[in-house]
Amino acid sequence: MNNQRKRLSAIMITLSMTLVLSACGGGNTASNNNPAADTAAEGGAVKLKVYAQHFDDDTKGPFDYAVAELQKEMPEVEIELDPAVQDGNQKLKTYAATGNMPDIYFTDWATLQTFAKSKNVEVLDDYEATTDYKNSLNPGVESRLIAPDGHVYAYPDTGIEFQVIYYNKTIFEELSIATPIKTYDELAAAAGKLKEAGYVPMSIFAKEKWITSAFYNGLVTREEAAGFGALDEQGLAELPQSFVTAAQQLEKLQQAGLFDANATNTNYDQASSQFYQGRAGMFVNGQWEIYSSAEKLGDQVDWMYWPAKDEATYEASKYNIAGAGSPQGYAVSPASDNKETAVKVAAFLAAKSAEYKYTQLGSPIVSPKTDKPIASDVPVMMQRIADELLPNAKEYAKLLSNTQIQNAINDNTQNMLVDGFTAEDFVTNLNRTLSKENQ
Amino acid sequence: MNKYLGNKPALALFLLPALLLYSVILIYPVLQSVVRSFYDWDGLSTATFAGLSNYRELFGDPLLATSLKNGGLFALVLAVFQIGLGTILALVCANPKVRGRKLLKTAYFIPVVLSVTVVCQLWIAMYDPTNGLVNKLFDVLGIPYQQNWLVSPTQSIIAIAFVNAWQFMGYQFSLLYAGVKAVPEDYFEAATIDGCGKWRAHWHVTLPLMRETFKFCFTIAITSGIGAFVQMLIMTNGGPGTTNYTLTFMIYRYAFMESNYGYACAVSVLLVMISLVATVVINKVFDRGQHA
């Protein structure tokens with residue numbers, strides 16, 4: 001019996017020791033979290049883990065360039081890339097939930113809002129790098145850096161992106177469709193001609209809801225420059241008239257056959273190949289599509305402004321930009337062991353990524369200015385944006401921060417592309433969401 | 001045997017690992033979901049107690065009606081197609097006079113081992129309104145029934161359910177086939193000697209003796225239908241709009257798209273409750289009169 005007790009006691013002691021030792025071991029992490037332990041500040045080498053998109057030429061190019069430049073500027077910093085996955089930031093949220101945040105991460109406004117609440121993002125307001133970044137911004141893109149709550153959470157590289165309508169000039173000439181199309185009646189008439197000739201009038205990857213939402217926003221911004229941002233208002237329980245008008249226009253365009261019957265089940269690859277293979281007259285996407293379309297269709301393709309209810313409205317609103325600037329970019333984890341350095345590196349990566357886009361790709365849609373010359377071989381369509389649209393931009397659409405309202409718009413604009421769903425249904429559904437969310 | 005079963009510490013020792021694993025991966029998450037359903041929680045911040053507000057909001061949510069209707073339709077299609085057709089095929093394959101039974105059995109099971117993504121992509125192509133095989137087939141047969149299968153707000157859920165039913169029919173078939181083979185042949189022979197036709201003998205002898213198999217098959221079909229998700233996500237992304245939403249799609253939306261985990265937990269609890277009720281009802285229905 002005594003022997004049994006002794007054995008039991010020995011087991012208990014061993015277990016207790018194991019637990020105590022494990023607890024001591026775990027303490028290492030906590031002590032490393034001390035902000036004073038910024039290795040760079042002490043002059044040592046610093047390793048920073050960066051979670052960023054790095055899966056194709058468009059994402060690898062700017063990031064690799066920025067890292068190469070960083071090696072020249074801050075050779076003591078070593079970057080460990082953790083490639084981001086296309087998962088709606090679920091991997092990043094899992095990192096946050098398990099306390100394994102990378103030092104620097106690239107993310108969007110929806111995630112930044114959640115991280116701000118849960119204190120998984122460093123507020124960058126008082127850092128010197130932020131003051132410098134603010135001073136370097138291109139005009140009109142402040143909303144990309146400063147969040148609606150007045151704080152800075154991330155350093156953006158791109159400027160405010162927006163959607164335009166691309167069209168195949170050869171097909172338009174062949175069918176004698178006058179350009180630019182200025183009113184939605186003209187757009188409906190063009191859809192009729194294209195359909196009759198056997199073309200898909202407008203190719204759209206409406207299996208993704210954001211693009212139907214962007215199309216609707218294009219129509220809305222002709223009369224309400226703030227776009228969806230106008231819906232983010234306490235007490236607003238009914239869609240303003242400009243939104244109702246845009247819904248009615250979208251319904252008429254759908255009825256005129258502007259979209260393919262299978263549009264809501266068409267993905268980007270299918271929609272873009274319809275356009276690039278000359279089976280569709282028009283294509284809707286962001287300005288970033290310029291590079292692909294110029295490469296695939298050369299000078300056969302151009303973009304046009306969004307149509308309005310009449311020519312006067314078109315002329316008055318054509319420089320209203322159908323894109324809203326939401327904060328996004330390189331953010332820093334408050335739990336980083338090298339927070340001070342991480343903030344500087346995040347700002348540097350964002351600035352250099354923008355520099356690559358400007359100097360190598362010729363994109364003027366960047367947040368910070370750069371003192372280097374723009375790329376010489378800029379596609380003509382991008383040059384038009386730089387020369388014609390950006391200098392004349394009257395107003396950018398405003399950000400809609402309410403995810404529920406945005407999701408309701410996404411769902412219902414996709415529905416608008418299906419026979420039988422009316423503008424009235426759209427308005428009823430949106431009013432229900434608005435009255436719930438804005439009360 | 002009694003000596004082994006009487007050794008309670010040994011029994012506990014052998015059962016404990018499995019019980020622990022089951023508790024950690026099933027019981028604990030379910031209980032956590034129940035607790036979290038009473039909180040307002042974004043998945044990361046500190047949760048705040050919200051009482052029954054998530055449930056009150058859920059029962060007024062228009063998506064709930066759509067999801068319940070779609071779940072019901074999905075379950076119905078699975079039950080009718082997989083179990084109905086699976087039973088007929090199992091009876092046919094159990095007949096020793098049927099030639100090529102081995103080939104048929106393998107053929108029925110092939111879709112089960114294919115990836116869901118592959119099957120969905122295959123059917124997306126087949127459902128294409130312009131060039132898809134389904135519409136072409138109607139055309140060739142001279143039936144004027146050209147449909148936009150995955151876009152129609154009324155038909156798309158049935159079209160998608162059919163894909164699931166087609167793919168996993170082989171699984172139900174294998175269960176039903178095992179059930180048919182478990183029925184002693186003497187009973188069937190006795191019935192035929194008494195003048196019963198082949199199908200009548202199956203109706204009166206084989207099928208009633210497969211009660212336990214049917215109970216299991218219906219439970220799988222109905223609960224799979226209520227909780228269906230993957231096919232909708234791949235084939236239509238729940239659209240157009242929210243027309244193809246199910247309860248699981250609601251959970252996905254509220255948890256991962258809107259970071260409203262508390263509300264998503266409330267939907268999860270409802271899903272578990274409905275599945276439990278369905279299982280109990282199926283058991284009651286099949287047990288009725290069994291011991292009379």
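In which helix is B:Gln172 placed? The place of B:Gln172 is in helix H8 of chain B, helices here being DSSP runs of H or I with at least four residues and strands being DSSP runs of E with at least two, both numbered from the N terminus. The structure is a predicted model, in which local features need pLDDT of at least 70 and side-chain atom pairs count only at pLDDT 80 or more, whereas totals for chains, interfaces and linings use all residues. Residues are numbered from 1 along each chain as its sequence is written, chains are lettered from A and ligands numbered from 1 in the order in which they are written, and side-chain values use heavy atoms, with hydrogens and water left out.

View 1. B:Gln172 counts as buried because its relative accessibility is 1%, where buried means under 20% relative accessible area, exposed over 50% and partly exposed in between (1.4 Å probe, protein chains only). Its side chain makes a polar contact of 3.4 Å with the side chain of B:Gln82; a polar contact is a pair of N or O atoms within 3.5 Å, of which, within protein, one must be able to donate a hydrogen and the other to accept it, and residues adjacent in sequence count only if both atoms are side-chain atoms. Neighbours within four places in sequence left aside, B:Gln172 is in contact with B:Gln82, B:Ile83, B:Cys217, B:Ile220 and B:Ala221, contact meaning heavy atoms within 4.5 Å.

**View 2. The interface of chain A and chain B.** On chain A, 25 residues are in contact with 27 residues of chain B, and the two chains bury about 2000 Å² between them, 47% of it on carbon and sulfur atoms; this buried area is the accessible area (1.4 Å probe) that two parts lose on being put together, summed over both. The rule finds two salt bridges across the interface, a salt bridge being a side-chain nitrogen of Lys or Arg within 4 Å of a carboxyl oxygen of Asp or Glu. In a salt bridge between A:Lys436 and B:Glu57, the distance from N to O is 3.1 Å. There are also 12 residue pairs in polar contact between chain A and chain B, with both residues at pLDDT 80 or more. On the side of chain A that touches chain B, the elements that give two or more residues are helix H3 (90-98), helix H4 (109-117), helix H16 (403-415) and helix H17 (423-437), and H16(A) gives the most, with seven residues.

**View 3. B:Asn148 and its contacts with chain A.** B:Asn148 lies in the loop between helix H7 (133-140) and helix H8 (156-182) of chain B, and its relative accessibility of 19% is the reason why this residue counts as buried. A polar atom of the B:Asn148 side chain lies 2.8 Å from the backbone oxygen of A:Ala261. Leaving aside neighbours within four places in sequence, B:Asn148 is in contact with A:Ala261, A:Asn262 and B:Pro129.

**View 4. The buried face of helix H15 of chain A.** In this helix (residues 380-389), A:Met381, A:Met382, A:Arg384, A:Ile385 and A:Leu389 are buried. Seen down the axis of H15(A), these buried residues fall within an arc of 150°, so they line one face of the helix; the arc is that of the directions from the helix axis to the C-beta atoms. The buried residues of H15(A) pack against strand E5 (163-168), helix H12 (290-297), strand E8 (301-304) and strand E9 (320-324) of chain A, whereas A:Val380 and A:Asp387, on the other side of H15(A), are exposed.

**View 5. Two cis peptide bonds and two residues with positive phi.** Most residues other than glycine have a negative phi, and most peptide bonds are trans. In chain A, the peptide bond from A:Thr179 to A:Pro180 is cis, with omega near 0°, and A:Pro180 is placed in the loop between helix H7 (169-174) and helix H8 (184-196). In chain B, a cis peptide bond with omega of about 5° joins B:Gly239 and B:Pro240, the latter lying in the loop between helix H12 (230-235) and helix H13 (247-257). A:Lys119 has a positive phi, near 55°, in the loop between H4 and helix H5 (128-135) of chain A, and is exposed at 64% relative accessibility. B:Ser259 has a positive phi near 50° and lies in the loop between H13 and helix H14 (261-287) of chain B, where B:Ser259 is buried, with a relative accessible area of 11%.
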